[in-house]
Amino acid sequence: MRRRAAAALLGAALLAACAGARAQHAHGGLGASAAFDAQGRLWAAYRHQGRVAVRASEDLGATWSEPRFASPENEPVAADGDARPKIATAPGGRVYVTWTRPLSRPYTGEIRFARSVDGGHSFSEALTVHTDRQEITHRFDALTVLPDGQVVVAWIDKRDLEAARARGEAYRGAAVYAAASADGGASFARDFKVADHSCECCRLALLPRADGSIAMLWRHVFEPDIRDHALASFRPDGQVQPLRRATFDDWRVDACPHHGPSLAEDAQGRLHAVWFTLGPRAPGVHYGRLVEGGVEAGRRVGGEDAAHADIAVTGMRVAVAWKGFDGSRTWLRALLSEDGGEHWQELALDATEGASDQPRVLTHDGRFFVFWHTRERALGVWRLP
Amino acid sequence: MITRRRLLGLGLMLAVAPARAGALRPFGLGSFEEIRRANAGRAHVVAFWSVTCAPCHEEMPVWRELRRRRPDVPLALVSTDGLPEAAGVEARLAEHGLADAPAWIFADERVERLRHSIDRGWRGELPRTYLVDARGGTEALTGRVQWHALADWLARAPAR
């Protein structure tokens, strides 16, 4: 992809001159996640003092409990961009947390897991989810809990790439592996492959379904170098349905977009997604319902600067949140649909001048909440109408 | 002349940069413009990369090649990783034989603002490369740059 950028650069230079050199020290790692439990308590996991901290809020994010650490001392934790600690809850005061522990060689890591069985007061000793212990890429963990209580973790894994390399063969992208725990996170069964040829650096979207399967949406590398999205369904025992192409933007690029998709399901079982592309037809963030061979009710989300959208559905109501930088502030915006994605209302929620994480949309009791962790407002929560 | 200006710049940077950044220079809101100004009138390359980006890793030999074959074309390597990752960034540069290449590291956690100060069309995908000709004409490339693309550009870019 090639673009003339001279005009933009001139404008940018003027802006830079006005903004001055008020460089802040990079603290790094605003990546955070949040999840409701059945009682309506909101849980958040984020990197604090270099460790995964977990806090709970009884009042929808107005106040938060003191942080409890879920990761060991002196263990590095990835918390930038599409890599961030994940949190999920289950009945009986269970709180599950995953994170990626970067190892010393570039792009290498381990997927780590810890749980609390006492309402977040204490966390178990961390365990490594995968049986594969090579010092290679295991990164970009995703976490979900199925209706029957099984805990499923998926991640981007380069064991197949490394094996191909050792044979002197080429391998497109990375792979996605997963592992499940049938004992509430005490242990994980052997990891299995969900798909070959994923993009190397974008978050995965997991969706637990009523039939006990998991739908997964991720940025794939279709031949020869098309980084559109793929959808697959798998079961915690390792049964995997063949993937199908889910988005058709034809973004051909040999690059890391660092920009993964999000997936949700409505009361009719239809899949709603948001994703980012710089494909030739319509670069930007998109919403659509994923149907066999195409996208339904597709629309652009936000303007040219829209980024890192997240989606949630409750019944037939759909909410999308995203952020965008207008040259001076980063905006948090949302789209709301009452009819399964046919008609939309746009809302401006907030803006910040400082650094910010990607926003997440959560549902609880038929209502939507947007969670946004920023330097200015830690663990912020906005309730949608 | 350029060298002297660079040395001066480096001296200033060292004075304000935290010790952990080592030889890396902090990249802030005005840095892209400073790099372009320092190299005005000659073709040069500004390459953005990250230690967490596999295509960036695969691209690095092209930059070593550029420095070897066209020492007259200044190269600025900018890591988007942020100051806490400085040690890893330096290790990667050294691994690729680029320890002595002029290198910067993002020193402002407001990365959207930083990207906007470089090119508002850049959405954060990596590697991202700016090929600037002697007249200031700029081409932005997303994805791994191959030597033939670079050689093509060098052949057709106005030399003055």
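Biologist: What joins the side chains of His96(B) and His57(B)?

Modeller: A polar contact is a pair of N or O atoms within 3.5 Å; within protein, one must be able to donate a hydrogen and the other to accept it, and residues adjacent in sequence count only if both atoms are side-chain atoms. Here the side chains of His96(B) and His57(B) form such a contact at 3.1 Å. This is a predicted model, in which local features need pLDDT of at least 70 and side-chain atom pairs count only at pLDDT 80 or more, while totals for chains, interfaces and linings use all residues. Side-chain values use heavy atoms, without hydrogens and water, and residues are numbered from 1 along each chain.

Biologist: Which residues is His96(B) in contact with, leaving aside its neighbours within four places in sequence?

Modeller: Contact means heavy atoms within 4.5 Å. On that basis, His96(B) touches His57(B), Met60(B), Pro61(B) and Arg64(B). Arg64(B) is 32 residues from His96(B) in sequence, yet their C-alpha atoms are 7.4 Å apart in space.

Biologist: Is His96(B) buried or exposed?

Modeller: Buried means under 20% relative accessible area, exposed over 50%, and partly exposed in between (1.4 Å probe, protein chains only). His96(B) is buried because its relative accessibility is 10%. Of the 160 residues of chain B, 59% are buried.

Biologist: Where in chain B does His96(B) lie?

Modeller: Helices (H or I, at least four residues) and strands (E, at least two) are DSSP runs, numbered from the N terminus. His96(B) sits in the loop between α4 (86–95) and β4 (103–106). Chain B has six helices and six strands.

Terms used: Chains are lettered from A and ligands numbered from 1 in the order in which they are written.
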